[in-house]
Amino acid sequence: MENTNAYVQDHKLSDVLMNAPTYDAVLVGDSYVLEFANYSFRKLLKSGEELIAKPFESITFQWPLDIVSVLKKVAFYDEAIEEEIVFNSKIKGKALCIKFIFHPYKNDLGKTIGVVMHGVDFTDEHHKRKELEANAQRLDHLLTNLPGGVYRFNVNDPWNFVFMSIGVAEISGYDLDELEADFVWKNIIHPDDQMALNDALEEISSGQSSNYTLNYRIKTKEGNYTWLSDRGQSISDKKGNTFIEGFIADITDRKLSEEIEKKNQFLFQTYAEAMPQMAFVADAVGDIIYYNQRWYDYVKNTENTEGWGWKDKPIHHPDDLERTVETWQRALSSGESYEIEYRLRRYDGAYRWHLGRAEPVRNEEGKIEMWLGTNTDIHNQKLIEEELRVINHRFDLISKATKDVIWDWDLQNDRLWWNDAMTDVFGYEYNDTISELSWWEQRVHPDDFPRISFTFKELLEAKATSWMMEYRFKRSDGSYAEILDRAYIQYNSEGRALRIIGSMIDITSSKEIEKALRDSEEHFRTLADNISQLAWITDESGDITWYNRRWYDYTGTTLEQVKGWGWKRCHHPEHVDRVANKISESFAKGVVWEDTFPLKGRDGSYRWFLSRAVPIRDEEGKVKHWFGTNTDITDLRDAEEALRKSEEYNRLLLESSPDCIKALDFDGTLQSINKQGLKMLELDSFDIIKGKNWIHFWDGEDRKKVQEAVDGAIKGNISHFQGFKATVKGTPKWWDILIAPVYDGKGKVEALTAVSRDITKLKQLEQQKDEFISVASHELKTPVTSIKGSIEIIETLLEDKAYDMIGRFVGKASTHVDKLLGLINDLLDVSRIQSGKLEYHFSEFTVAEIVEDCVEQMIHQSKGHQVIIKGDFNQVIIGDKVRLEQVVCNLLTNAIKYSPNKKEVIVEAKDLADAVEISVIDHGIGIPAEQMEHIFDRFFRVEQAYHDFQGVGLGLYISSEIIARHQSQLQVESKEGEGSRFYFKLAKA
């Protein structure tokens, strides 16, 4: 019975072992014969009963480790060994993991005769442990790469960190070991911010709050203050200890942006109050919500001018009010710029002309939010324009009143102007040909022209101011007239001749008289009495013996009174001695005498005469007589004086003007500029830009405006516009420009004038507003918003311990940070370029050094494109290596970006003897021909690319400026739909 019970118990134990969920087996002998294996063990080996009594090594099964070696170790050391084995088989998608314990199998005598294998399934535990290890690694990676830091400290021991991530050290600049000391973080918090932090911790300690969100400053190890955003949360462990876990992020840039916004608002008000114009701000519907102080100073005791109140006050001139309101309403309806000239009543009752302008300010959606406007005083400009009109009219009347032929030679343009007397005296009709200098030269007698040309050259070299000469001039009928030509030469402040103004007097009759005198004195006397000049004859010593009738008619004297040297009684006391001395000297030398002086008429008034005397010699050359004439030139002198005063007055007006005033010819070539203009353009001398085309000084749309204004002025129209152009020294300036025609005496446009007023300060205010809204609020806001969103999601995931999802959002945040840094660097480069502060460091290096890194970087960023290298890249060049690499990277980035459907981009280096030409070629979307000229403009983007590709249009602008500083030019060849080739040349070393 006892044996039976033992058998039953053994049998039950065997059933239990066979069906146990563990993996059990017994191996005996040196060959480790399988004596026992339960069902789980057999299922593991995927075999049946036939395994029993077989040596272990004969069993066909692929163990992940050498089991026989383990068995031998157990037998040798006679002690148990534990092994964790991971099998290839899967259970519910997870690899099977079994923890085996290998025990020595002993007989009744205690001798080891085999090994007992006992295995337990720990698949779930194994995989959970591996998952925890992976999560720990991800968490560590996240904390290392977060753009911020994570910390933990006991609420009763503030800032004595029990944990901190590497981000805390990176933000503060201290090592983690240094931050473990509790005094470090306390000491680096800004004194002004410590109270707020202490209050927040006190609220958590007292149970009033469970979290805090604070912004405060810390002093980094380098000594600079950095703004932090700190979000802390209280948690408690199982022991009841309260800890603060928090996340800090560097928000210095955000604080800086907020400070910039405050400064911009302050600058707007400061500029508005400092600007010389009366400034105003209106809302979207036209209600004026702000005037600067200059408006209130101008209207003074006139109140309630805000909103639309101004139109009901006695401010605008009654004749201007209706059209002002209509123009303002039209601008509000259309959203276009507002501009009008009107008269505004000053507080003392005087009306002054003003130029009213307003520009709309739009938000990101293009909706008008407000209007910025100014009223600029142009009253003096209006007066100058009226004065110029009166002066030109007066000169026209003077030129018509005299019988002499008056001419004006513009030396800058080599053009001649004649008054109407040219037709009356010489029979020539006025046309374009007559204005050419060659026309006059061809009509001067060939024998006289060399003498005139030589004399002119001598006068200009000597800086003489007047000229007089007799020569023969061909009439329209082909005959020659004897001419007395007198001129006044005008110079600029630098001593350069600008123009010569003169008059031609037909003295043919006088010459004929001189000739007739030689033939017949009687005939001469008859002629002499009938000429228009006063005439007289002296003996060989200079005593006058005869006067013609015109002398007596004019002076009212008799021969007895004026014979000999009695003529001096008719001379002006201030001139008589000078005249007597000069004529005496000519008599003594026997040379022609010529002088200009006033003579008293019979009515006691004086008139100016040009007097001339020539010696009459006998056959032996001895002087027998002197024949003289006095030609009345009073009208001519008056005309010349009026003309001179007009020219002087015009010059004074130009030089006293606060504006830059330029004279242009019809194709826009600069002919002159006033002193103030040179100062405004930062020019030391007009020679720097003289003869250059003013239109070509402008760029883009401004050049088009200037060209249209010049074309309009040629047709007699006055144009007004604004444009941007830097000075010769690179100072950026905005200009308010008026281009108007200049008329000759016949009402024909003969030249152009351009008046430029510096409005840079006003435009800087407008530009700062526009650029800040368009660039900062759009391009900067997008990545910042994305970064902020990613961080908030990460914080939520941390709270939820969803560590496996954090990496994706960290990557997104990092990508947007790179985009943000790229945009900020581009904007900084643009700012440095505009201010001339972009630094360059020139050295010698090979082309490969600026190309290879860029190519490698592009290949990693865009694996779908192939960059092909052509040419010799070992050529040595001179330049700024960093800046040139920036250019190549930008061109490669663009080539890849704008050729999404083409996989090949080419970089080529071509040897040009003394230079190397570097090209980047793609087969992408190309550039429309009409947009090519703007491709290197700041913020310009091709219309198609604007909608399909991201960017702000700074890369090519910066690149072109960098290449320009290398004495070269970034150029482009492109065809829409076929691709583009950007290239530039660099000097070899």
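Q: Which residue of strand 37 stands opposite I918?
A: In this predicted model, I918 stands opposite F984 of strand 37.

Q: What makes strand 35 and strand 37 (residues 979–987) a pair of strands?
A: Two strands pair if at least two bridges are found between them. Strand 35 and strand 37 are joined by 8 bridges, so they count as paired, and they run antiparallel.

Q: How do you know that strand 34 (residues 904–911) also pairs with strand 35?
A: The requirement is at least two bridges. Here 6 bridges join the antiparallel strands 34 and 35, and therefore they pair. Within this pairing, K910 faces E917 of strand 35. The hairpin formed by the two strands has 3 residues between them, and A913 takes a positive phi near 70° there.

Q: Why is strand 35 (residues 915–922) described as largely enclosed by the rest of the structure?
A: Because 8 of its 8 residues are buried, strand 35 is largely enclosed. A915, E917, S919 and I921 point one way, V916, I918, V920 and D922 point the other way, and all are buried.

Q: Why is D230 said to have no salt bridge?
A: A salt bridge requires the charged atoms to lie within 4 Å. D230 is buried, and its nearest side chain of opposite charge, R231, is 8.1 Å away, so no salt bridge is counted.

Q: What makes the pairing of the D230 and Y151 side chains a polar contact?
A: The cut-off for such a contact is 3.5 Å. The side chains of D230, in strand 9, and Y151 are joined at 2.7 Å, which therefore falls within that cut-off. D230 also touches other residues, including W159, Y212 and F247.

Notes: Residues are numbered from 1 along each chain as its sequence is written. This is a predicted model: local features need pLDDT of at least 70, side-chain atom pairs count only at pLDDT 80 or more; totals for chains, interfaces and linings use all residues. Side-chain values use heavy atoms; hydrogens and water are left out. Helices (H or I, at least four residues) and strands (E, at least two) are DSSP runs, numbered from the N terminus. Buried means under 20% relative accessible area, exposed over 50%, partly exposed in between (1.4 Å probe, protein chains only). Lys and Arg count as positive and Asp and Glu as negative; His and the chain ends are not counted. A polar contact is a pair of N or O atoms within 3.5 Å; within protein, one must be able to donate a hydrogen and the other to accept it, and residues adjacent in sequence count only if both atoms are side-chain atoms. Contact means heavy atoms within 4.5 Å. Lists of a residue's contacts leave out its neighbours within four places in sequence.
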